[in-house]
Amino acid sequence: MAKKFYVIWVGREPGIYTDWPTAQKQVMKFPGAKYKSFTSKADADAAFSGGSVSSVAKSPAKTSGPKKSGKNLSAPPIKTDVVIYCDGGCDPNPGKAGSGVAVYQNDQLIQLWYGIYTPSGTNNSAELNALFYSLQLAQHAVKQDLSAQILCDSMYSIQCIRDWAAGWEKNGWKRKTGEIMNLEIIKQAYVLYNEIKDKVLLSHVKAHAGTEGNELADRMTMVAVDRKDPAWAQYEKDPSGDFNIASLLKMRAG
């Protein structure tokens, strides 16, 4: 029998599993579970990273994700009311760091955020700051009875919060291999993640692959570095009351 790989986008612990009994525990009686089996690890990795739920065992939520504004820009096909992209950047690394977030609702870009400038930060600290703020935005959406997902291009940040923090907490926030870097922001994000993880999908998105929301969040990281704002701030819309996405994408990339 050919080996199968089970991708779980929405379940108790999203991820890729190699045996059905373990995977089944993650989706059985889990509201809105989304999962699919693949015959190759490469296909499973690509599907999980891209957030694809085509032909999943159960239908995805109604409503739609962010809209593509150009032929080379793609958006993940998982459909939720609110889609939040987050990114962190550093120039150089370590060095001047900033975080960025792009928020879509009902297929439209509604907010761009930048901030948490740190003169001596790292890519990882900036990514975690962006993820933490995205969790706060997702919590706000959930309180309004909206479905939400967060797409982060840092597997380090995702694993810190989703996979590793539980074990670190049990061990008194220590690990055998040494110091846990960025511990304070990890603790804060982990607490919030636990509050909303059954209602918010946290997924990985490939960086610099033409996904509009990811590219815009990336541009906001450099806005944060340039403007040196230590707090979160909304990026201004055009006089028309909208965003000129084409112009934003031409800005300096992180």
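This is a predicted model: local features need pLDDT of at least 70, side-chain atom pairs count only at pLDDT 80 or more; totals for chains, interfaces and linings use all residues.
Residues are numbered from 1 along each chain as its sequence is written, and side-chain values use heavy atoms, with hydrogens and water left out.

The chain has seven helices and nine strands. Both kinds of element are DSSP runs numbered from the N terminus, with helices being H or I over at least four residues and strands being E over at least two. Of the 254 residues in the chain, 49% are buried. Buried means under 20% relative accessible area, exposed means over 50%, and partly exposed is in between, for a 1.4 Å probe and protein chains only. Among contacts in the chain with a separation of 6 or more, 67% are between residues 24 or more positions apart; a contact is defined by heavy atoms within 4.5 Å.

Ala2 lies in the segment before strand 1 and is exposed, with a relative accessible area of 59%. Its C-alpha atom is separated by 9.3 Å from that of Ser40, a residue 38 positions away along the chain.

Three strands then make up an open sheet, in the order 2-1-3 and with antiparallel pairing. Two strands count as paired if DSSP finds at least two bridges between them. Strand 2 (15-17) and strand 3 (34-38) stand at the edges with a single partner strand each, so one side of each has no neighbour in the sheet. On average, neighbouring strands of this sheet are turned by 20° against each other, direction ignored. Strand 1 (residues 5-10) pairs with strand 2 in the antiparallel sense over three bridges, and Ile8 stands opposite Gly15 in strand 2. Helix 1 (residues 20-27) packs on the sheet and touches strand 1, strand 2 and strand 3; the direction of helix 1 makes about 10° with that of strand 1. Axes here are lines fitted to C-alpha atoms, for helices over the stretch in contact, and angles between N-to-C directions run from 0 to 180 degrees.

Next comes a pair of helices further along the chain. Two packed helices are described by the angle between their axes and the distance between the axes. Helix 4 (residues 155-170) and helix 5 (residues 183-196) pack at about 90°, with their axes 10 Å apart. The two helices are therefore roughly perpendicular, a term for angles of 65 to 115 degrees, whereas under 35 counts as roughly parallel, over 145 as roughly antiparallel and the rest as oblique. On the side of helix 4 the contact includes Tyr156, Cys160, Ile161, Arg162 and Trp168, and helix 5 contributes Ile186, Ala189, Tyr190 and Tyr193. Of these, Cys160 is buried, with a relative accessible area of 0%.

Helix 6 (residues 212-227) has 16 residues and reaches 22 Å from its first C-alpha to its last, close to the 22 Å expected at 1.5 Å a residue. The expected span is 1.5 Å times one less than the number of residues. Because 14 of its 16 residues are buried, helix 6 is largely enclosed by the rest of the structure.

Several other positions have backbone exceptions. Most residues other than glycine have a negative phi, and most peptide bonds are trans. The loop between strand 4 (82-91) and strand 5 (95-105) holds Pro92 and also Pro94. The peptide bond from Asp91 to Pro92 is cis, with omega near -5°, and a cis bond with omega of about -5° joins Asn93 and Pro94. Asp107, in the loop between strand 5 and strand 6 (108-121), is not a glycine but has a positive phi of about 75°. Asp107 is partly exposed, at 25% relative accessibility. Trp173 has a positive phi of about 55°, lies in the loop between helix 4 and helix 5 and counts as buried at 18%.

The cysteines come last. A disulfide is a pair of cysteine sulfur atoms within 2.5 Å, and by this rule the count is zero. Cys152 is in no disulfide, the nearest cysteine sulfur being that of Cys86 at 3.9 Å. Cys152 is buried, with a relative accessible area of 0%.
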